[in-house]
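Here is a short report on disulfides and aromatic ring pairs.

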Amino acid sequence: MKAHDFKPWCHALVLTSLLVGCGGVEGGGDAVEDSNPEAVSAALATSARGRVTPEKHCVTRAQSLKPGAPLPEPSAAPPEDCFPTFSEAISFATRGAIRLPLTAKPADLKEEDLKAAPVPSGLPYAIGIGYTETGFSGSSIVFTAVENCGAILYASMPSGWNDAISSMQTFMGSRCRHSFLFEHVNFQGASLDCGLGCNSLGVLNKQTSSIFWTQ
């Protein structure tokens, strides 16, 4: 893979940003009674099994690029955990920090939720949400990460999510200020910087195959 294939990507990465830590999402909802994050996640995943709705709401893990590390080759996307409700997905992605009513829709996610404070270092935190419809609606996929926001990569979308996204939001509490969407896997083809959010994606509507976030 040649360096020129990643020109838009390379322009977006500021070397100093690779050295800055990134936080996560916390707060914005009711307190979680169970203080064990793993127990919260397991309980949410168990409650979703066997329930089917027209929409699906998923959570998946992105990877961080280490300073000096080579760009990733296309590979199988990380698995995702899917839920029948947006509320369950957001609770799972934020380890119970954001709790919404079970009937909540994406529109019920408030700005203060997106601005919420970071989670403790080393724990997964939410960095962004992709939606299948414009205006932050439809099915959703929440991207999480565990390391700094210098360069967080998602080189290929999970099964069923390639060319599916129509709008995008970024969790401001993660300190990620740019979300670059690419037409092809491994950050190739047409690109769009959604910043903190894109109500619609223009020519990249349902054309996103890879994403990266940076400060």
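## The Cys194–Cys198 disulfide

Cys194 and Cys198 are both buried, where buried means under 20% relative accessible area, exposed over 50%, and partly exposed in between (1.4 Å probe, protein chains only). A disulfide joins the two, with an S to S distance of 2.2 Å. The term covers a pair of cysteine sulfur atoms within 2.5 Å. The torsion about the S-S bond of Cys194 and Cys198 is about -120 degrees, so this disulfide is left-handed.

## Basis of the values

The model is predicted: local features need pLDDT of at least 70, side-chain atom pairs count only at pLDDT 80 or more, and totals for chains, interfaces and linings use all residues. Residues are numbered from 1 along each chain as its sequence is written, and side-chain values use heavy atoms, with hydrogens and water left out.

## The Cys58–Cys82 disulfide

A search of the whole structure gives 2 disulfides. Cys58 and Cys82 form one of them, with sulfur atoms 2.0 Å apart. Cys58 sits in strand S1 (residues 57–61) and Cys82 in strand S3 (residues 80–83), so the bond ties together parts 24 residues apart in sequence. Strands (E, at least two residues) are DSSP runs, numbered from the N terminus.

How is the S-S bond of Cys58 and Cys82 turned, right-handed or left-handed? Its torsion is about 100 degrees, so the disulfide is right-handed. The two ends can be described by accessibility. Cys58 is buried at 0% relative accessible area. Cys82 is partly exposed, at 36% relative accessibility.

## Aromatic pairs

The whole structure holds 9 aromatic pairs. Rings of Phe, Tyr and Trp (its six-membered ring) pair if their centres lie within 6.5 Å; planes under 30 degrees apart count as stacked, over 60 as edge-to-face and the rest as tilted. One of the pairs is Phe83 with Phe92, which is tilted: 5.0 Å centre to centre, with 50 degrees between the planes. Phe83 is buried, with a relative accessible area of 3%. Phe92 also counts as buried, at 16%.

Phe143 and Tyr154 have ring centres 5.1 Å apart and planes at 70 degrees, so this pair is edge-to-face. Phe143 belongs to strand S5 (residues 137–145) and Tyr154 to strand S6 (residues 152–154), so the pair ties together parts 11 residues apart in sequence. Phe143 is buried at 0% relative accessible area. Tyr154 is buried at 1%.

## A ring cluster

Which residues do ring pairs link into a cluster? They are Phe180, Phe182, Phe187 and Phe212.

Methods:
Helix = DSSP H or I, 4+ residues; strand = E, 2+ residues; numbered from the N terminus.
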